[in-house]
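These are my notebook entries on one structure, set down in the order in which I looked things up. The sequence and the model are placed below for reference.

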Amino acid sequence: LTVLIADDNRHTRKLVRTVLSSVGVRHILEAEDGQEAFHVFCHNPVDLVITDWEMARVDGLTFVNLVRKSRQSRRQDVPILMLTGHGQVDRVKLAREAGVDGFVVKPFAPKTLLERVVSVARDASA
């Protein structure tokens, strides 16, 4: 399993990495914004994306749209989990329409993140 974490906050990336590592995920890629994330995504086999919504330069929603619609996208059906500080219904709807498979609202407990990762991965393999 290779997971790409896209978040402009280094501490959040570290927390997500630690949580994933604790359950045996060894291939973890990181990016600081959506532009870098899309570059990493296009040049590596990625099985799961965990992205923040609000990032500088290219935000998470734009990144999701690139993954889902760009010809350069290696895997348009990759499961995507969105991290966000905003859980409003309209934002969730907008992200779902873009192709986000699941959400984790910040701040989050490690257990919540793991539950969402398992849920999104299970749904993708069904």
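Which residue caps the N-terminal end of H2? I found that Asp 33 does so, with a side-chain oxygen 2.9 Å from the backbone nitrogen of Gln 35. I counted as a polar contact a pair of N or O atoms within 3.5 Å, where within protein one must be able to donate a hydrogen and the other to accept it, and where residues adjacent in sequence count only if both atoms are side-chain atoms.

Entry on conventions. I am working with a predicted model, in which local features need pLDDT of at least 70 and side-chain atom pairs count only at pLDDT 80 or more, while totals for chains, interfaces and linings use all residues. Residues are numbered from 1 along each chain as its sequence is written, and side-chain values use heavy atoms, with hydrogens and water left out. Helices (H or I, at least four residues) and strands (E, at least two) are DSSP runs, numbered from the N terminus.

Entry on helix H2. I looked up which residues of H2 are buried (under 20% relative accessible area, with exposed being over 50% and partly exposed in between, for a 1.4 Å probe and protein chains only). They are Gly 34, Ala 37, Phe 38, Val 40, Phe 41 and Cys 42. The cover over these buried residues includes S1, strand S2 (27-31), S3 and H3.

Entry on the cores. I took a nonpolar core to be a set of buried Ala, Val, Leu, Ile, Met, Phe, Trp, Tyr and Cys residues joined through side-chain atoms within 4.5 Å. The largest such core holds 23 residues, and Leu 4, Phe 41, Val 49, Phe 63, Val 67 and Val 78 have the most contacts inside it. Two or more residues come from each of strand S1 (2-6), helix H2 (34-42), helix H3 (60-69), strand S4 (80-84) and helix H4 (89-98). H2 gives the largest share of this core, five residues. Another core lies apart from it and has 16 residues, including Leu 20, Val 25, Leu 48 and Leu 81.

Entry on Phe 63. I listed its contacts (heavy atoms within 4.5 Å). Apart from neighbours within four places in sequence, Phe 63 is in contact with Leu 4, Gly 34, Ala 37, Phe 38, Phe 41, Val 49, Thr 51 and Val 58.

Entry on the aromatic rings. I searched the whole structure for aromatic pairs and found one. For Phe, Tyr and Trp (its six-membered ring), rings pair if their centres lie within 6.5 Å; planes under 30 degrees apart count as stacked, over 60 as edge-to-face and the rest as tilted. Phe 38 and Phe 41 form the pair, which is stacked, at 6.5 Å centre to centre and 20° between the planes. Because they are three residues apart in helix H2, about one helical turn separates Phe 38 and Phe 41. Phe 38 has a relative accessible area of 8%, and Phe 41 has 1%.

I also noted Arg 91 over the face of Trp 53, at 4.1 Å from the ring centre. A charge sits over a ring if NZ of Lys or CZ of Arg is within 6 Å of the ring centre and within 35 degrees of the ring normal.

- Asp 7 and Lys 106 meet at 3.1 Å, N to O. Asp 7 is in the loop between S1 and helix H1 (10-22), and Lys 106 is in the loop between strand S5 (102-105) and helix H5 (110-125), 99 residues apart. Asp 7 is buried at 0% relative accessibility, whereas Lys 106 is partly exposed at 23%.
- Asp 101 is bridged to Arg 68, with the closest N and O atoms 2.9 Å apart. Asp 101 lies in the loop between H4 and S5 and Arg 68 in helix H3, 33 residues apart. Asp 101 is partly exposed at 35%, and Arg 68 is buried at 16%.
- Arg 13, Arg 17, Glu 30 and Glu 32 are linked in a network of salt bridges.

Entry on Ala 95. I located Ala 95 in helix H4, where its relative accessibility is 0% and it counts as buried. Leaving out neighbours within four places in sequence, I found Ala 95 in contact with Trp 53, Leu 61, Val 100 and Phe 103.

Terms used
Salt bridge = Lys/Arg side-chain N within 4 Å of Asp/Glu carboxyl O.
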